[in-house]
Amino acid sequence: MSRLFAIALTAILAASAATPTSTWAGDYKLGALTIRQPWSRPAQAGMNGVGFFTVVNAGKTPVTLKSVETSAAGKVEIHQSSTANGVMRMRRQDNGVVIPAGGQVAFAPGGYHLMLLSLKTAQAQGQKVPVTLVFGDGRKVQIDLAVQLVPPSGQAAPAGEHHH
Ligand SMILES: [Cu+2]
């Protein structure tokens with residue numbers, strides 16, 4: 001019995017390691033959604049902080065990340081950076097960001113990101129910054145952004161920097 005269980009578990013682990021939606025330490029689950037490897041960068045109090053992660057939607061319906069709440073900053077906005085003619089711009093995403101059914105959206109340097117406006121305290125490397133993601137259907141999940149200098153492994157390399 002226990003041997004059978006061990007074999008089954010090994011098969012599950014092998015299968016999950018092979019799929020791009022496998023769960024990592026530091027991931028968060030909300031129904032069919034997985035929020036992978038949330039992180040932020042060191043910043044001073046009063047400055048703006050950032051938030052990065054990947055949202056994977058294994059469900060059959062699109063889900064919208066509608067807004068974000070935190071007690072760590074005056075306000076959080078969802079932004080998208082884009083580069084045109086060598087100039088990087090940021091646009092506030094007031095309608096949120098749609099995570100397609102069976103798809104994923106990366107919040108990463110150079111693209112979508114959370115902007116934590118006017119941090120209440122300094123963010124130092126190794127700290128965790130709690131933020132709550134609010135989805136279009138009203139569901140919420142609290143995640144901790146791990147403050148670090150470099151992107152977590154397995155995430156897209158920075159496409160560029162932006163400063164505020
Ligand atoms: Cu921004």
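Reader: What is the geometry of the site of the copper ion, and how many donor atoms does it have?

Author: The model before us is predicted. One judges the geometry from the angles among the donors, and four donors count as tetrahedral if all angles lie between 85 and 135 degrees. Here the copper ion has 4 donor atoms with angles of 94 to 132 degrees among them, so the site is tetrahedral.

Reader: Which protein atoms are the donors of the copper ion?

Author: The donors are ND1 of His 79, SD of Met 90, NE2 of His 113 and SD of Met 115. They lie 2.1 to 2.3 Å from the copper ion. Along the sequence, the donor residues follow the spacing H-x10-M-x22-H-x1-M.

Reader: Is His 113 buried or exposed?

Author: A residue counts as buried when its relative accessible area is under 20%. His 113 has 0% relative accessibility and is therefore buried. Met 115, at 1% relative accessibility, also counts as buried.

Reader: Let us turn to charged side chains. How many salt bridges does the structure hold?

Author: The structure holds 5 salt bridges. One of them joins the side chains of Lys 75 and Glu 77, with an N to O distance of 3.3 Å. Another links Asp 137 with Arg 139, whose closest N and O atoms are 3.0 Å apart. Arg 139 is partly exposed, its relative accessible area being 30%.

Reader: With which residue does Arg 92 form a salt bridge, the closest N and O atoms being 3.9 Å apart?

Author: That partner is Glu 77. Arg 92 belongs to strand S6 (residues 87-92) and Glu 77 to strand S5 (residues 73-84), so this pair ties together parts that are 15 residues apart in sequence. Glu 77 is buried, with a relative accessible area of 12%, whereas Arg 92 is partly exposed at 45% relative accessibility. Lys 75 is likewise partly exposed, at 45% relative accessibility.

Notes: Residues numbered from 1 in each chain as written. Predicted model: local features only at pLDDT ≥ 70, side-chain atom pairs only at ≥ 80, totals over all residues. Heavy atoms only, no water. Donors = N, O, S within 2.8 Å, 3.2 Å for Na, K, Ca; no water. Tetrahedral: all angles 85-135°; square planar, octahedral: opposite > 155°, others 65-115°. Buried < 20%, exposed > 50% of the residue type's maximum accessible area, 1.4 Å probe, protein only. Salt bridge = Lys/Arg side-chain N within 4 Å of Asp/Glu carboxyl O. Helix = DSSP H or I, 4+ residues; strand = E, 2+ residues; numbered from the N terminus.
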